[in-house]
Amino acid sequence: MLKQGLLIAGLAASVLAGNIKMDLNAKYGANNFHTKGAQEFASLVKDYTKGSVNITVHPGSALIKGNPLKAVKDGTVAMTDMFIPFTSGGGKVFGVSALPFIANSYDDAFKLYQLAKPAYEKTARKWNQKLLYSVTWPASGFYSKKELTSINDFKGVKTRTYDKNSAAFVNMAGGSAVALPWGEVYSSLRTGMVDSVVTSSSSGKDGKFWEVLSNYTKINYAYPLQAVTINLDYWNSLDKNQKEALTKAASEIEKSQWQAVRVEEKTALEELAKNGIKITEASPELKKELDVIANKLLTKYLDGANSDIKAIFKEYRK
């Protein structure tokens, strides 16, 4: 309670001074696609509020080492971005975007996001924060030392996965899923703790995976979301015009980033290929084998889901 009282008192002093300063924790490095989006968001907010709201973006998880939902809830940081499927406390709904082979394109992923957005917002409110915007990553693929041609190639692999869904998927395919923070992935590939990774072309580019792996199979596993939230006490301290300005900036960044992600994927794939990664499309046979596992996971996921989540998929399949 003392911490919350100090936060509110500090906000009140900031408002009286006519200027609000907020820090935004960005999970990934300064050159990452999502971090650049956060920087542009901060720039738009400053412009639209005529300088009355100033957001400083801190790349590389400089401000948060633990759970981002809790950090924003407690006011440890005013704002953060977060990889939704990997965020503890998000419940079942935060796993929607990372379910395998539900979305098969960026258009599919955006449709699924729009349907799931009210549930994301509801979860954010439970954690004393407001969802400002969300943007997909490029589709997740499979990095490995050997080419992935059939389900049999999963046998014996040690794969870094990013959430419960991807872990279950790899285990059901015959591999062994390993949970690791992103910052430990490269060194773990170096030491052999893992020998494969489920992630995007963009992450593979940022991680320089060509130094430790040789193949990337475009299985289009999922289109997981990265979201930006703000602490509700900070949000409520803003006046009407400032709130409208942040909402406008968030809407514009969301729209532009959903377009830019397509360019990001193309650029990342080119960079991977230039540095020696062999890029292949998943064969029809492999897709069929993976779909069998994906359908089993979806059935299990929906069996324990609440009515809100079931409604998302009912509408999505129309």
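Visitor: How many salt bridges does the rule give here?

Guide: Side chains of opposite charge can pair when their charged atoms come close. In this predicted model, the count is twelve salt bridges, taking a Lys or Arg side-chain nitrogen within 4 Å of an Asp or Glu carboxyl oxygen.

Visitor: Which side chain does Glu 254 meet in a salt bridge?

Guide: Glu 254 pairs with Lys 117, with an N to O distance of 3.9 Å. This pair links distant parts of the chain, since Glu 254 belongs to helix H9 (residues 240-274) and Lys 117 to helix H4 (residues 106-126), 137 residues apart.

Visitor: Why does Glu 254 count as buried?

Guide: Buried means under 20% relative accessible area. Glu 254 has 10% relative accessibility, and therefore counts as buried.

Visitor: With which residue does Asp 308 form a salt bridge?

Guide: The partner is Lys 122, and the closest N and O atoms are 3.4 Å apart. Here too distant parts of the chain are linked: Asp 308 is in helix H11 (residues 307-316) and Lys 122 is in helix H4, 186 residues apart. Asp 308 is partly exposed, at a relative accessible area of 36%, and Lys 122 is partly exposed at 39%.

Visitor: What does the salt bridge of Lys 205 with Glu 264 tie together?

Guide: The closest N and O atoms of Lys 205 and Glu 264 are 3.1 Å apart. Lys 205 lies in helix H7 (residues 201-206) and Glu 264 in helix H9, so the pair ties together parts 59 residues apart in sequence. Lys 205 is buried at 17% relative accessibility, and Glu 264 is buried with a relative accessible area of 12%. A network of salt bridges links Lys 205, Asp 206 and Glu 264.

Visitor: Where is the kink in H9 centred?

Guide: The kink is centred on Ala 260 and amounts to about 30°.

Visitor: What is found at the start of H9, and what just after H9?

Guide: At the start, a side-chain oxygen of Asp 239 comes within 3.1 Å of the backbone nitrogen of Asn 241. Just after H9, Gly 276 adopts a positive phi of about 105°.

Technical notes: Residues are numbered from 1 along each chain as its sequence is written. This is a predicted model: local features need pLDDT of at least 70, side-chain atom pairs count only at pLDDT 80 or more; totals for chains, interfaces and linings use all residues. Side-chain values use heavy atoms; hydrogens and water are left out. Helices (H or I, at least four residues) and strands (E, at least two) are DSSP runs, numbered from the N terminus. Buried means under 20% relative accessible area, exposed over 50%, partly exposed in between (1.4 Å probe, protein chains only). The bend at a residue is the angle between axes fitted to the seven residues ending there and the seven starting there. A polar contact is a pair of N or O atoms within 3.5 Å; within protein, one must be able to donate a hydrogen and the other to accept it, and residues adjacent in sequence count only if both atoms are side-chain atoms.
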